[in-house]
Each structure stands twice: as structure tokens, then as C-alpha cells.
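The following report concerns a single protein chain. Its sequence and three-dimensional structure are shown first, and the description follows.

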Amino acid sequence: MGVASISSISAVLIILGLVLILILSINNAVMETRTKFDEIQILLEDDLENIDLDSIEEEIASEEGVLSVIFHSKDRRLESMKEDWGDDSNLLDGLEDDNPLQDSYKVQLVDIEYADLVVDNISQIEGVESINYYKDVIDKLMIFSKYIQIGGTIIVGMLVLVSIFIIANTIKITVASRKREINIMKYVGATNGYIRGPFVIEGILFGLFGAVISILIINYGYEYFFQSVNDRFYLLFTVYLVPPATLFKDIAIIFTAIGVGIGSLGSILSLKRFLNV
């Protein structure tokens with residue numbers, strides 16, 4: 001029965017590992033995408049003769065959630081446009097004398113969660129005409145990230161419950177085969193703790209062996225998958241998969257804890273009925 005118990009734990013943990021990797025990869029992609037939209041462009045009014053640009057910059061930089069503030073004059077913005085246009089930059093030559101662009105600040109946020117707060121506060125600053133940022137994209141990313149976290153938690157929780165059920169029933173077969181031995185021990189005065197001890201240790205060992213097997217399979221399997229797919233994944237979605245080295249330590253800790261917990265809890269639940277003699 002030991003092989004069956006270990007195989008059950010390994011199978012459940014491997015499925016759990018695949019789900020965790022999928023959730024972490026999606027979450028990592030969301031986080032990387034979020035960093036591409038954590039900038040705010042602040043356009044200033046044309047006539048700022050009576051307003052000090054340094055004071056505006058200091059006020060923006062003092063806002064909670066602001067990481068950095070960079071000033072772009074309208075002349076510098078025109079030069080950047082010319083660089084972006086490349087061979088067609090000569091079409092912009094006529095704008096140098098009468099530049100229609102505005103002076104602006106590029107604000108880097110600590111996290112896009114601060115976007116609405118920063119925009120609301122900065123819009124009150126004198127001299128600020130308008131603010132551009134990816135509000136719709138940011139809101140959708142925030143909602144998607146929340147759903148991924150909630151969904152992942154529910155799936156992991158369900159898998160853990162299923163794994164406890166499987167191992168409890170697997171160990172129950174082992175316990176049932178030793179029912180007479182347990183009854184005799186009860187009749188001669190053995191305590192429940194004394195009887196339960198060997199079975200719990202056995203369950204812990206089953207869980208530990210199952211965890212080690214699943215850790216090795218997940219680690220080497222995902223490492224091979226990562227090396228084969230990562231570059232192509234980046235070309236398609238411009239984000240990288242979570243590196244195996246980043247996952248291995250967390251997976252090892254989680255699997256060991258779950259494996260040992262499932263093994264011991266499964267043994268305790270399996271013994272409960274047989275100890276009531």
C-alpha cells in the first residue's frame with residue numbers, strides 16, 4: 001500500500017504543480033504588462049510665464065506613488081518625434097518655428113495601483129492642462145490580476161482537499177488490514193496516541209517521498225519546457241515565462257509542506273473510526 005499512497009500523493013502534487021506554474025506564469029505576464037503602463041504623461045499649459053516649472057515638478061514628485069519625474073520640453077519632444085519618424089522626419093521641419101507641442105512631464109509610478117490617486121491630485125496643480133494615461137488598460141489589468149489570484153486560490157484549495165481525500169482513503173485500506181492488531185492494542189490498554197503514532201509517521205514518510213518525486217518531475221519537466229518555449233513565448237506575447245530557478249525553492253517548500261501535511265492528516269482521519277472500539 002505504500003507504493004499506492006506515494007503514487008497518489010505524487011500524482012496530486014504534480015497536478016497541483018502544473019496548476020501553480022500556470023497561475024504564476026499568467027500572473028507574471030500580467031505583472032510585466034502592468035509595468036509597461038505605469039507611466040503618466042502630464043501636458044502643461046502653453047503660457048506658464050508666472051509659474052515656476054521647478055515648483056510644479058517638486059509638487060508632482062511629492063505625490064504618494066510617484067517614483068520619478070522627467071521634464072520634456074516641447075522642443076525636445078519635437079526632436080524625439082523626428083527620431084521616431086526616421087526618413088520622414090523632414091516633414092516636421094516646418095514646425096520648428098511654430099512648435100504646436102506642449103511642455104510635459106513623464107511620471108513613473110511605483111505601481112499602477114496609484115494611477116487614479118496620482119492623476120486626481122496632479123490635475124489640481126496650477127499649470128497642468130491635461131493628463132494622459134492608460135486608464136482602461138490599467139483597470140482591466142487590475143481586474144484580471146485579481147481574478148487570477150482568486151481563481152488560483154480556489155483551484156489550489158480544491159486540489160489540496162482532493163489530495164487529502166485520496167490519501168486518506170488509500171491509507172484507510174492499510175489501516176483496515178491491521179484492524180485486528182489495533183483492536184488488540186486497544187483492549188490491552190494502549191492509548192490512542194500510542195497506536196496513532198506509527199501510522200502518522202508512516203503517512204508523513206509517504207507524503208515526503210511523494211513530494212520529493214513530484215518536485216523532481218516538476219523541476220526537470222518545467223526546465224525542459226522553459227528552455228524549449230521561452231523565447232518563442234516572448235516573441236508572441238513580449239513577456240517571459242517564470243524562470244525555473246525562481247520556482248524551484250518555492251515549489252520545494254510548498255510541496256514538502258503539503259505532502260507531509262496530507263500524509264499525516266490522511267493517517268489521522270483514516271484511524272479515527274478504528275480507534276473508536
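## Nonpolar cores

In this predicted model, the largest nonpolar core has 26 residues; a nonpolar core is a set of buried Ala, Val, Leu, Ile, Met, Phe, Trp, Tyr and Cys residues joined through side-chain atoms within 4.5 Å. Buried means under 20% relative accessible area, exposed over 50%, and partly exposed in between, with a 1.4 Å probe and protein chains only. The residues with the most contacts inside this core are Leu13, Leu16, Ile218, Tyr222, Leu247, Ile251 and Phe255. Two or more residues come from each of helix H1 (2-35), helix H5 (135-177), helix H7 (192-237) and helix H8 (244-275), and H1 gives the most, with nine residues. Helices (H or I, at least four residues) and strands (E, at least two) are DSSP runs, numbered from the N terminus.

Leu247 touches Ile21, Leu24, Tyr222 and Val242, residues up to four places away in sequence being left out; contact means heavy atoms within 4.5 Å.

## Basis of the values

Residues are numbered from 1 along each chain as its sequence is written, and side-chain values use heavy atoms, with hydrogens and water left out. As this is a predicted model, local features need pLDDT of at least 70 and side-chain atom pairs count only at pLDDT 80 or more, while totals for chains, interfaces and linings use all residues.

## The open sheet

Four strands form an open sheet in the order S2-S3-S1-S4, with antiparallel pairing; two strands pair if DSSP finds at least two bridges between them. Strand S2 (66-72) and strand S4 (128-132) stand at the edges with a single partner strand each, so one side of each has no neighbour in the sheet. The twist averages 20° from one strand to the next. Axes are lines fitted to C-alpha atoms, for helices over the stretch in contact, and angles run from 0 to 180 degrees between N-to-C directions.

Strand S1 (residues 39-44) pairs with S4 over four bridges, and Leu43 stands opposite Ser130 in S4. Helix H2 (residues 53-61) packs on the sheet and touches S1, S2 and strand S3 (104-109); the direction of H2 makes about 160° with that of S2. Helix H4 (residues 115-122) also packs on the sheet, in contact with S1, S2, S3 and S4, and the direction of H4 makes about 10° with that of S1.

S3 is mostly covered, five of its six residues being buried. The antiparallel pairing of S1 and S3 runs over five bridges, and Ile42 has Tyr105 in S3 as its bridge partner. S2 and S3 pair in the antiparallel sense over six bridges, where Val69 has Val107 in S3 as its bridge partner.

## Aromatic residues

The whole structure holds three aromatic pairs; rings of Phe, Tyr and Trp (its six-membered ring) pair if their centres lie within 6.5 Å, and planes under 30 degrees apart count as stacked, over 60 as edge-to-face and the rest as tilted. Tyr222 and Phe226 form a tilted pair, with 6.3 Å centre to centre and 50° between the planes. Because they are four residues apart in helix H7, Tyr222 and Phe226 are separated by about one helical turn. Both Tyr222 and Phe226 are buried, and Tyr222, Phe225 and Phe226 form one aromatic cluster.

Phe165, found in helix H5, counts as exposed at 57% relative accessibility. Phe165 and Gly266 are 101 residues apart in sequence and 7.3 Å apart in space, C-alpha to C-alpha.

Ser10 in helix H1 is buried, with a relative accessible area of 6%. Beyond its neighbours within four places in sequence, Ser10 is in contact with Gly210, Ile213 and Ser214.

Gly152 lies in helix H5 and counts as buried at 7% relative accessibility. The C-alpha atoms of Gly152 and Leu20 are separated by 7.5 Å, although these residues are 132 apart along the chain.

## The chain as a whole

The secondary structure comes to eight helices and four strands, which run α-β-α-β-α-β-α-β-α-α-α-α from the N terminus on. Of the 277 residues, 38% are buried. Among contacts between residues at least 6 apart in sequence, 81% join residues at least 24 apart.
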